[in-house]
Amino acid sequence: MTQSNIKLTRADFQIDGPVKWCAGCGGYPILAAVQKALPETGITKDNVVFISGIGCSSRFPYYMKTYGFHTLHGRALPIASGLKSSRPDLSVWVATGDGDSMAIGGNHFIHTIRRNLDLNIMIFNNQIYGLTKGQYSPTTPLGSITKSSPYGTIEKPFQPGELTMGAQGTFFARVIDKEPKGMERVFINAAKHKGTSVIEILQNCVIFNNDTHEMIVRKEVRDDRIILLEHGKKMIFGKEKEKGLIIDGQEIKAVKIGENGVTMDNVLVHDETCKNPNIHYMLARMTYPELPVAIGVIRSVEQPTYETLMAEQIEQVKKLSDIKSVKELLYSGKTFEIK
Amino acid sequence: MGKNQKKVIELEEVVVKFAGDSGDGMQLTGSQFSDASASFGNDLSTFPDYPSEIRAPQGTVAGVSGFQVHIGHKEVQTPGDLADVLIALNPAALKTNMKWVKPGATIIIDIDNFDNKHYKKAGFVEDPLHDNSLKGFNLIKAPITSLSRATVSSLELGIDHKTADKTRNQFVMGLLFWLFNRDVKRGEEFISKKFVEKPILVKINLAVLYAGYNYAETVEAIATQFHVNPAKNKKGTFRQITGNIATAWGLIAGAEKAGVKLFLGSYPITPATEILHELSHHKNLDVRTFQAEDEIAGICTAIGASYGGSLGATSTSGPGLALKTEAAGLAVITELPLVIVNVQRGGPSTGLPTKTEQSDLMQAIHGRHGECPLPVIAASSPGNCFNFAYEAAKIALEHMTPVILLTDGYLANGTELWKIPDVDKMAEIHPPFVKDNDPDYQPYRRNPETLSRSWAIPGQEGLQHRIGGLEKSDIYGDVSHDPYNHQVMTNYRAEKIKRIENYIPEQKIHGDQEGGDLLVMGWGGTYGALNMAVKELREDGYNISLAQFNYIFPLPKNTEALLCKFKKHIICELNLGQFAEYMRSQFPQFKYEQYNKVQGLPFFIKELKNKFKEILEEK
């Protein structure tokens with residue numbers, strides 16, 4: 001990707017017209033964080049493209065002063081895949097929601113991840129269908145009462161992180177829409193990561209699912225209910241940093257450091273680059289109240305990207321083949337002269 | 001036994017049908033025979049007839065695979081109605097194909113497989129060799145299996161029967177080389193090439209090829225040889241080509257001419273998959289192929305590539321086109337170039353996946369939600385799939401629109417002897433690119449002639465803009481729900497496609513340019529049969545002409561004027577009358593008669609001639 005010579009600012013990515021999400025929507029801080037993060041990546045503005053599907057989240061490209069394509073429900077990923085594999089020079093970002101990426105676009109989600117195209121996928125996970133006014137989504141907690149589940153949902157939700165690991169994802173992070181600094185940092189990391197970056201954003205829907213993440217992200221309780229993961233650092237959390245994660249048998253367990261013989265030495269150190277995804281998988285699956293919810297970059301491993309392998313194949317075949325034009329193709333193989 | 005003095009009959013044309021189990025190599029034998037005929041200079045057309053099962057139980061009717069070759073000294077445009085020579089390797093192959101041979105035809109069977117066990121598998125109640133059902137045919141009972149095995153074992157290479165049986169098709173080839181008075185040496189080249197890495201297979205196949213040739217030369221049952229002279233009306237450099245390969249190559253040629261890269265997003269589906277196979281080979285020509293997770297992702301990746309400045313294309317068949325329709329609508333409203341190839345097969349649903357039909361016409365013209373016009377064109381011979389794929393690319397790139405190219409299973413898998421075109425002389429393709437930082441650029445500013453918008457590509461400096469599925473304002477491309485604007489944009493999209501009529505050739509007539517009694521109208525892949533039927537009737541003095549349509553939507557501008565010149569009109573198509581319905585909607589003043597067929601089979605010349613005569617002789 002071409003790097004920009006001039007230092008861009010947030011304003012370079014802001015549109016002149018209005019942004020049309022509901023007042024108080026989690027979309028606003030996400031938009032601001034993206035606009036602040038992009039200048040830090042050094043990517044040339046002309047090379048940035050935002051692609052989206054359908055839903056509230058997917059209006060995102062209209063609010064970015066870059067190239068943008070608002071596509072079909074569920075189909076942002078294949079459109080982004082076609083673009084990225086034919087134009088590896090572009091920095092391609094996808095804005096999608098929990099319904100767009102996990103329901104109607106679920107198939108594309110897993111296949112895009114397994115191919116490992118260098119895309120940055122932001123999932124605005126508000127656990128509800130907002131634009132169609134309040135039906136349960138694939139990430140809505142079991143038993144939730146919504147417009148289409150008046151007696152409570154009877155289906156277990158997906159966890160985007162679980163699906164990402166299951167599809168051999170190379171990058172997964174979770175962020176909170178109320179945490180601008182955390183979002184910026186993760187967006188920059190995602191942009192730098194060569195491969196499919198999946199960022200689950202715990203987003204609030206002020207109209208149809210207000211406070212859905214409050215139980216874990218509320219200021220007063222947050223320190224005990226989330227754990228901020230940092231590469232190379234001990235996995236500790238709590239107001240006084242008094243708690244930590246350890247492996248107990250085959251499971252992750254939250255413990256108080258200093259109690260029951262647990263010392264700091266027992267506490268896990270986060271290694272986002274570990275190729276084996278088992279710990280990452282367990283971290284991504286952690287849910288409150290059993291365990292704190294993991295926030296930050298959970299997994300970031302380098303693997304060849306689809307578009308690089310495709311470009312390499314093209315170069316190799318070009319070198320080996322005698323056929324350099326359609327004309328030569330038409331006369332290749334068996335031809336017959338009739339006089 | 002001495003060599004016979006045999007009679008040689010010169011023929012204008014011959015149709016040979018190869019039939020056996022799916023695993024018997026009938027497709028290969030057929031190709032080998034047609035290659036040898038093309039080297040000899042015959043005109044030709046071929047058509048495979050294979051089951052949708054890969055290897056149905058051996059010896060059963062369900063497992064019969066066939067390959068028909070029509071060679072000629074005279075012009076050949078179809079694989080032929082009925083066979084002059086049938087090769088049936090087992091009773092099931094005979095049972096399936098007996099109705100497709102001419103009276104008095106030569107039928108060569110592998111007598112080793114004609115026993116009670118095989119009769120039972122094939123579902124024969126009576127022994128067909130003794131119940132008079134083959135009376136009147138020139139039946140050659142060749143011991144193909146036993147002689148192939150004996151030949152292989154005489155080489156003392158320790159080869160088992162199973163391997164030896166795989167050489168049986170070469171015995172058939174040898175026999176045919178003799179039967180058609182050909183130099184058997186030409187068969188050697190094919191075998192040496194085919195098994196280049198396995199010298200032992202070259203050895204045994206060559207031995208069996210000669211065994212077949214010598215058998216035919218020696219045995220008295222084969223009394224005549226056929227001789228088909230080289231084609232009289234063809235000159236130049238030719239190659240055999242299937243419709244699918246020609247389609248793939250036409251797309252590459254279109255992209256090359258336009259100076260853009262070709263990207264194919266596709267999901268495997270019979271009978272279109274070969275386009276994906278072929279294009280995946282041509283990375284040397286900068287072709288990118290993306291085997292998607294489903295049909296929708298196939299078209300969406302292509303749209304993404306087009307958005308990025310490539311020629312996006314997707315290949316499919318009827319059921320896949322149905323899945324792609326929503327995305328086709330996105331390409332219509334975002335006005336991006338895209339080629340959608342639909343290789344039609346028998347429907348609805350899974351229908352007849354390996355058989356041909358023309359029943360997706362309405363789906364192609366109308367099958368989308370909203371007011372969603374896009375051009376529809378159709379190829380009419382295996383070779384001209386190249387030209388129409390090229391034309392689809394040209395229209396898509398110059399008019400900024402998705403284009404549906406219709407071919408069908410018959411064109412896709414059939415071959416013809418195709419004159420290699422001069423690509424330097426093919427029409428230029430000029431996509432409406434924009435220069436970086438063009439101050440006048442607006443996403444929906446239109447070319448006043450074509451009404452197409454310009455193609456600004458991500459990465460270009462100073463042309464940032466947003467497109468998408470929501471309706472956009474005229475010129476500026478902002479999201480707009482304005483009622484009047486939607487009318488304006490809908491009208492533009494319709495008018496833009498209509499104006500393509502100014503850039504396509506006029507409709508041609510084969511026959512009387514000034515008009516006449518009967519105009520036969522067809523479209524797409526039925527050209528060969530319709531043209532031959534009309535031609536033969538004209539030779540018999542009938543007043544009949546043909547208009548075969550390649551440009552379906554929009555129609556050529558002269559269509560109405562042309563129809564006016566004829567007293568009667570008949571529309572022939574492999575569906576229940578979709579083009580007829582369409583013509584009635586366009587030009588209701590004419591009374592269109594119809595001839596329709598939905599058997600998964602192409603038209604036969606004979607049935608067409610009968611129908612046309614019936615109409616011409618009506619008072």
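Modeller: With strand pairing: two strands pair if DSSP finds at least two bridges between them. Bear in mind that this is a predicted model.

Biologist: Which residue of β9(B) does A:E337 stand opposite?

Modeller: A:E337 stands opposite B:T237. The strands involved are β12(A) and β9 of chain B, residues 236-242, and three bridges pair them in the antiparallel sense.

Biologist: How many residues of each chain are in contact across the two chains?

Modeller: Contact here means C-beta atoms within 7 Å. On that basis, 47 residues of chain A touch 57 residues of chain B. Several elements of chain A supply at least two residues each to its side, among them β2 (67-70), α4 (106-115) and β12 (336-338). The largest share, eight residues, belongs to α2(A). Sorted by class, the side of chain A holds 21 nonpolar, 16 polar and 10 charged residues.

Biologist: Now a strand inside chain B. Why is β2(B) described as largely enclosed?

Modeller: A residue is buried if 20 or more other C-beta atoms lie within 10 Å of its own. Strand β2(B), residues 13-21, has eight of its nine residues buried, so the rest of the structure largely encloses it.

Biologist: Which strands does β2(B) pair with?

Modeller: One is β4(B), residues 64-72, which pairs with β2(B) in the antiparallel sense over nine bridges. In that pairing B:K17 stands opposite B:Q68. Another is β5(B), residues 83-88, which runs parallel to β2(B) and is joined to it by four bridges. There B:A19 stands opposite B:A88.

Biologist: What domains does chain B have?

Modeller: The domain assignment gives domain 1 (7-228), domain 2 (239-425) and domain 3 (516-616). The centres of domain 1 and domain 3 of chain B are 36 Å apart. Four residues of domain 1 are in contact with seven residues of domain 3 in chain B. On the domain 1 side these are three polar, one charged and no nonpolar residues.

Biologist: And chain B as a whole?

Modeller: Chain B has 20 helices and 22 strands. Its radius of gyration is 27 Å, close to the 25 Å that the globule rule gives for 619 residues, so chain B is as compact as a globular protein of that length. Buried residues make up 54% of the chain.

Terms used
Residues numbered from 1 in each chain as written. Chains lettered and ligands numbered in written order. Predicted model: local features only at pLDDT ≥ 70, side-chain atom pairs only at ≥ 80, totals over all residues. Domains from an automatic or database assignment. Nonpolar A, V, L, I, M, F, W, Y, C, P; charged D, E, K, R; others polar. Buried ≥ 20, exposed ≤ 12 C-beta atoms within 10 Å, placed from the backbone. Rg over C-alpha atoms; globule rule 2.2 N^0.38 Å.
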